[in-house]
Amino acid sequence: MQVIETLAEGLKREIKVVISAKDMEAQMNERLEDVKGRVRINGFRPGKVPFAHLKKMYGKSVMAELVNEIVRERPSAILSERGEKSATQPEVAMTEDQAEAEKILNGEADFEFTLSYEVIPAIALKDNSGIAVTREVVEIDAKEVDEQILKIAESARTYETKKGKAANGDRVTIDYLGKVDGVAFDGGKDEDAELVLGSNRFIPGFEEQLVGLKAGDEKVITVTFPADYPAANLAGKEATFDINVKDVAGAADIEINDDLATKLGLESADKLREIVRGQIESQYGSVTRQKVKRQILDQLDEMYKFDTPERLVDAEFENIWRQINTDLAQSGKTFADEDTTEEAAREEYRKLAERRVRLGLVLSEIGEKAGVQVTDEEMQQSLFQQLRQFPGQEKQIIDYFQKTPGAAASLRAPIFEEKVVDHLLGEIKVTDKTVSKDELLADDEDGADKDAKKAPKKKAAKAEAAEGEEAAPKKKAPAKKKAAEGDAE
């Protein structure tokens with residue numbers, strides 16, 4: 001086998017591989033000899049089939065198998081022998097001429113193919129001891145814990161029917177029928193709907209017009225659906241709702257005590273406080289870690305400057321750009337609304353993609369040299385988290401990760417990255433700084449958006465995560481939201 005380098009330009013490589021017809025035929029003959037004693041051909045006893053006849057019947061199919069195996073297995077071996085790592089799967093090109101292909105399968109011509117790929121650049125790791133970060137820490141007081149408990153307790157709040165008019169904070173039970181131009185619309189009707197006034201669950205102007213009503217009252221209210229309402233047939237339209245108030249109930253006071261803890265499924269108020277404090281610490285800790293991670297990435301970005309594989313950058317950019325355009329479409333905005341142009345945004349996000357790729361390669365090299373490993377248990381935990389997000393679709397998700405090439409890597413990559421960050425935290429200088437909650441949660445204009453100042457503010461989720469920012473989960477709508485509440489069906 002001849003391996004000839006035909007292109008070495010920057011990170012780009014092209015390799016021509018030639019296997020002589022003689023070598024291909026030798027390998028084919030070896031395989032035919034191996035199966036000679038096992039094939040069954042009418043008119044011949046087992047093992048007595050003449051080799052020429054065997055070659056005539058099975059030669060081309062065996063040669064085709066050889067070609068497929070060579071194309072599948074040799075590229076990785078060739079790169080290994082050259083001491084190179086390909087940034088992406090090498091592209092393989094073979095002759096498309098049918099006559100030439102027939103000659104190869106008949107053993108009459110050399111088998112040639114080319115490999116095109118980009119190498120991962122060699123990265124000389126630098127001393128990390130010069131990296132210094134500030135770790136912002138929030139001290140959690142009892143007042144904040146109690147405030148959070150009171151918010152949680154809203155779900156367990158009880159209501160008692162009262163006489164008199166409904167006020168903000170009261171729960172009303174109503175029947176309603178929505179109409180546009182006097183005609184009822186789909187999703188605009190409900191019976192025995194419970195609504196806490198002031199909760200802002202329904203569209204603007206709806207709840208305010210129920211204040212002052214009492215059980216037995218009937219009223220027609222007029223509201224205007226928001227211009228960006230999801231149901232196009234209702235967006236911006238004025239509508240009336242026929243209201244029948246069936247009950248008005250006042251909210252019982254909430255006290256943080258053992259009774260409240262019991263209602264929430266816990267044994268005591270102390271245990272409730274302990275759990276809530278832990279949740280708050282976890283939330284703040286997550287923000288703290290992301291800010292520390294961003295500082296590390298920023299400094300690594302300054303330390304390492306090298307060319308990045310174009311194909312990796314292209315793939316990263318396409319992921320970001322796809323999400324950017326999806327975000328703009330969903331918000332109804334344009335690049336002009338974000339004070340930029342599509343051309344400028346493309347340029348900024350291209351830089352962002354290059355940064356992502358470069359930092360990814362640096363972290364990979366650091367982790368490899370440090371012996372960072374992702375365990376099977378960690379992979380299983382990550383998969384379990386995916387399954388929890390999509391109840392009822394467990395089988396499809398498992399099948400996807402089992403059958404899709406590269407899918408498992410999407411689970412491994414974030415785990416590996418976080419473990420590399422943990423490794424770096426043991427080598428760099430970390431200074432703790434006590435800050436207020438507002439300081440910790442304040443947007444860092446010089447951090448998150450430093451790579452895309454003129455681009456739309458809403459980054460792709462993947463890009464956000466790679467920079468050390470997690471996308472906030474979307475709140476689920478109440479089960480009984482329907483059209484009047486802002487959830488068109």
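Reader: Phe241, then. Buried or exposed?

Author: Buried. In this predicted model, Phe241 has a relative accessible area of 0%.

Reader: Which ring sits edge-to-face with Phe241, with centres 5.2 Å apart?

Author: That is Phe206. The planes of Phe206 and Phe241 are at 80°, so the pair counts as edge-to-face.

Reader: Where does Phe206 lie, and what does the pair tie together?

Author: Phe206 lies in the loop between β8 (183-196) and β9 (218-224). Phe241 is in strand β10, so the pair ties together parts 35 residues apart in sequence.

Reader: And Phe206, buried or exposed?

Author: Buried, and so is Phe241.

Reader: What about Tyr176 and Phe241?

Author: Those two form an aromatic pair as well. The centres are 6.0 Å apart, with 70° between the planes, and the pair is edge-to-face.

Reader: Which strands does that pair tie together?

Author: Tyr176 lies in β7 (residues 171-180) and Phe241 in β10 (residues 238-251), so the pair links parts that are 65 residues apart in sequence. Tyr176 is buried, with a relative accessible area of 2%.

Reader: Which rings are in the cluster with Phe241?

Author: Ring pairs link Phe241 with Tyr176, Phe185, Phe202, Phe206, Phe225 and Tyr229.

Reader: How many aromatic pairs does the structure hold?

Author: Twelve.

Reader: New topic. In the largest nonpolar core, which residues touch the most other members?

Author: Ile296, Leu300, Tyr349, Val420 and Leu424. That core has 40 residues.

Reader: Which helices supply at least two residues each?

Author: α6 (269-303), α7 (310-331), α8 (342-370), α9 (376-389), α10 (394-403) and α11 (407-425). The largest share, ten residues, comes from α8.

Reader: What is Leu300 in contact with, leaving aside its neighbours within four places in sequence?

Author: Asn128, Ile131, Leu359, Leu363, Ile366 and Leu424.

Reader: And the second, separate core. How many residues?

Author: It has 25 residues, including Phe185, Tyr229, Ala231 and Ala239. Phe185 and Tyr229 also belong to the ring cluster.

Reader: Last one: β1 and β2. How many bridges join them?

Author: Seven. Strand β1 (residues 2-9) and strand β2 (residues 12-19) run antiparallel.

Reader: What happens at Gly10?

Author: The hairpin of β1 and β2 has two residues between the strands, and Gly10 takes a positive phi near 65°.

Definitions and conventions. Residues numbered from 1 in each chain as written. Predicted model: local features only at pLDDT ≥ 70, side-chain atom pairs only at ≥ 80, totals over all residues. Heavy atoms only, no water. Core = buried A, V, L, I, M, F, W, Y, C linked by side-chain atoms within 4.5 Å. Buried < 20%, exposed > 50% of the residue type's maximum accessible area, 1.4 Å probe, protein only. Helix = DSSP H or I, 4+ residues; strand = E, 2+ residues; numbered from the N terminus. Contact = heavy atoms within 4.5 Å. Phe/Tyr/Trp six-rings, centres within 6.5 Å; stacked < 30°, edge-to-face > 60°. Pairing = 2+ DSSP bridges.
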